[in-house]
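Hello,

Here is the structure I promised to pass on. Please look through it first, then read my notes below.

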Amino acid sequence: MWDKRPDTIVHEESPFNAEPARSALCGRDVTPVDTFYSRNHGPIPEITKDDWQLRITGLVTTPLALSFAELTGRFDTHAVIATLQCAGNRRTGFNQVRDIPGEDPWGPGATSTAEWRGARLRDVLQAAGVQDDPSLHVAFGAPDVSDLATPVQPYGGSIPLPKAMSEEVLLAWGMNCEPLPRVHGGPVRVVVPGFIGARSVKWITSITVQPEPSDNFFQSRAYRILPADADPDTAKPGDGISLSSVALNCDVLAPEDGATVPAGPMTLHGYALAGDDRTVERVDVSFDGGSTWTQAALEPTHSKWGWQLWSFALCAAPGPLHVTVRAWDSTGSTQPESAATLWNPKGYANNSWATANFDVT
Ligand SMILES: Nc1nc2c(c(=O)[nH]1)N[C@H]1C(S)=C(S)[C@@H](COP(=O)(O)O)O[C@H]1N2
Ligand SMILES: [Mo]
């Protein structure tokens, strides 16, 4: 489906929600397009380059309406390798604590990295004469209508103006040297590196500069951390904590969790990702549930906005092998120990220590 690999784990066909197997993500700085996870809240719109138009309005001096040819021809093209991570990534860890009805049970694969190519959002906002006020917000609108929203409405969201003016934020029409595929938001999507995937609005058709965050359902009601005892069905717009930068996270990608492995030399592989303008500084591995830790080797990175791959070589003795991993970022913060302490009613931002269990024979 949607040209994804046959081993893709499909949570829902409509809306299409699917994640790659761990092994498919493993060891790659850039995830192939046929492997990249896909997260949708409604039907995938079909918009040709010729039909597409982007309107930039609100607190700007010169409202713009750009065709695809104007966007791609008028502004410099930039490439950014960036990881997208859905706030629902690793929700299965929360489901083990307490059920989360109505939300897909995403495993470790609602995260992937691509080389995105497009115009800087900043250049487009400047061409429109954006007001220079850091308290403003930039709202994105798209045509895909979601009946998961109350009331039913097109998908949307916003980011603060200072982030929108950062050089890494793109209006992208290319993904891994191909035209941006329809399932990933083609002809044009926003890519907001360092923020939760929800803000990288696909099939973008409107940009509005405004004093408040977007009142779209997916900004004002969803993608918010509600208190553990709140009822998400009766929560009001603005309740809970709005998610913007992605949480510091990591995972073990190989061998597959639960695998039987031969005794002797083996290497663990995984990724770590830091939020917004932070970087991953260290990845620790523990074989005793977190009492003692040893450092993993970090691979060279090719982008500040992409994930950090890591590996750890060991000699495995026969018996059960229990692996725990945590990352540290450039502010000295590390990941919380347990999913139970983070559990929230919509199941967002599970960045507790990652674990994997192996049977060594
Ligand atoms: N228009 C639109 N944009 C969207 C979404 C959507 O449903 N509609 N899903 C968001 C979410 S929650 C995520 S995690 C990313 C996923 O991007 P991908 O499908 O290219 O992996 O797109 C975001 N942009
Ligand atoms: Mo997401």
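**What I found**

Residues 247-354 are 0% helix and 46% strand, and their end C-alpha atoms are 13 Å apart. Helices (H or I, at least four residues) and strands (E, at least two) are DSSP runs, numbered from the N terminus. UniProt lists this span, in an unreviewed entry, as "domain: Moybdenum cofactor oxidoreductase dimerisation". UniProt positions are in the numbering used here, feature names are shortened, and annotations may be inferred rather than shown by experiment.

Some ground rules. This is a predicted model, where local features need pLDDT of at least 70, side-chain atom pairs count only at pLDDT 80 or more, and totals for chains, interfaces and linings use all residues. Residues are numbered from 1 along each chain as its sequence is written, chains are lettered from A and ligands numbered from 1 in the order in which they are written, and side-chain values use heavy atoms, with hydrogens and water left out.

The other annotated span is residues 41-217. The unreviewed UniProt entry gives it as "domain: Oxidoreductase molybdopterin-binding". Residues 41-217 are 14% helix and 36% strand, with end C-alpha atoms 11 Å apart.

**Around ligand 1**

Ligand 1 has 19 residues around it (a heavy atom within 4 Å). Tyr37, His41, Asp144, His184 and Lys202 come nearest.

- Asp144: an N or O atom of its side chain is 2.7 Å from a nitrogen atom of ligand 1.
- Arg189: a polar side-chain atom lies 2.7 Å from an oxygen atom of ligand 1.
- Arg39: a polar backbone atom is 3.0 Å from an oxygen atom of ligand 1.

**Cavities**

The search used a 1 Å grid over the protein atoms alone. A cavity is a set of points where a 1.4 Å probe fits but cannot get out; a pocket is an open set with protein on both sides within 12 Å along at least five of seven lines. Lining residues have an atom within 4 Å of a point. Grid points are joined across faces, edges and corners, and a volume is the space filled by probe spheres set on the points.

The whole structure holds three cavities of 30 Å³ or more. The largest cavity has about 230 Å³ of space. Its lining has 19 residues, with Arg39, Arg189, Gly197, Ser200 and Lys202 nearest the centre. That lining divides into nine nonpolar, six polar and four charged residues. Here Ala, Val, Leu, Ile, Met, Phe, Trp, Tyr, Cys and Pro count as nonpolar, Asp, Glu, Lys and Arg as charged, and the others, Gly among them, as polar.

The second largest cavity has about 80 Å³. Its lining residues include Gln85, Cys86, Leu243 and Asn350. Seven are nonpolar, five polar and none charged. Domain 1 (9-242) and domain 2 (249-360) each give at least three residues to this lining. Those bounds come from an automatic or database domain assignment.

**Pockets**

The largest pocket has a volume of about 560 Å³. Of its 30 lining residues, Gly102, Glu103, Leu148, Phe217 and Lys346 lie nearest the centre. The lining has 13 nonpolar, six polar and eleven charged residues. Helix 6 (residues 217-220) gives the largest share, three residues. Domains 1 and 2 each supply at least three residues.

The second largest pocket holds about 430 Å³. It is lined by 20 residues, and Arg90, Gly93, Gln96, Trp353 and Thr355 are the closest to its centre. Strand 23 gives the most to this lining, with three residues. Four lining residues are nonpolar, eleven polar and five charged. Where does this pocket lie? Domains 1 and 2 both give residues to its lining, so the second largest pocket lies between them.

**Backbone points**

The peptide bond from Ser14 to Pro15 is cis, with omega near -5 degrees. Pro15 is in the loop between strand 1 (9-12) and strand 2 (17-19). Another cis bond joins Ala254 and Pro255, with omega about -5 degrees. Pro255 sits in the loop between strand 15 (249-254) and strand 16 (260-261). Tyr223 is not a glycine, yet has a positive phi of about 55 degrees. Tyr223 is in the loop between helix 6 and strand 13 (224-225).

Best wishes

Terms used
A polar contact is a pair of N or O atoms within 3.5 Å; within protein, one must be able to donate a hydrogen and the other to accept it, and residues adjacent in sequence count only if both atoms are side-chain atoms.
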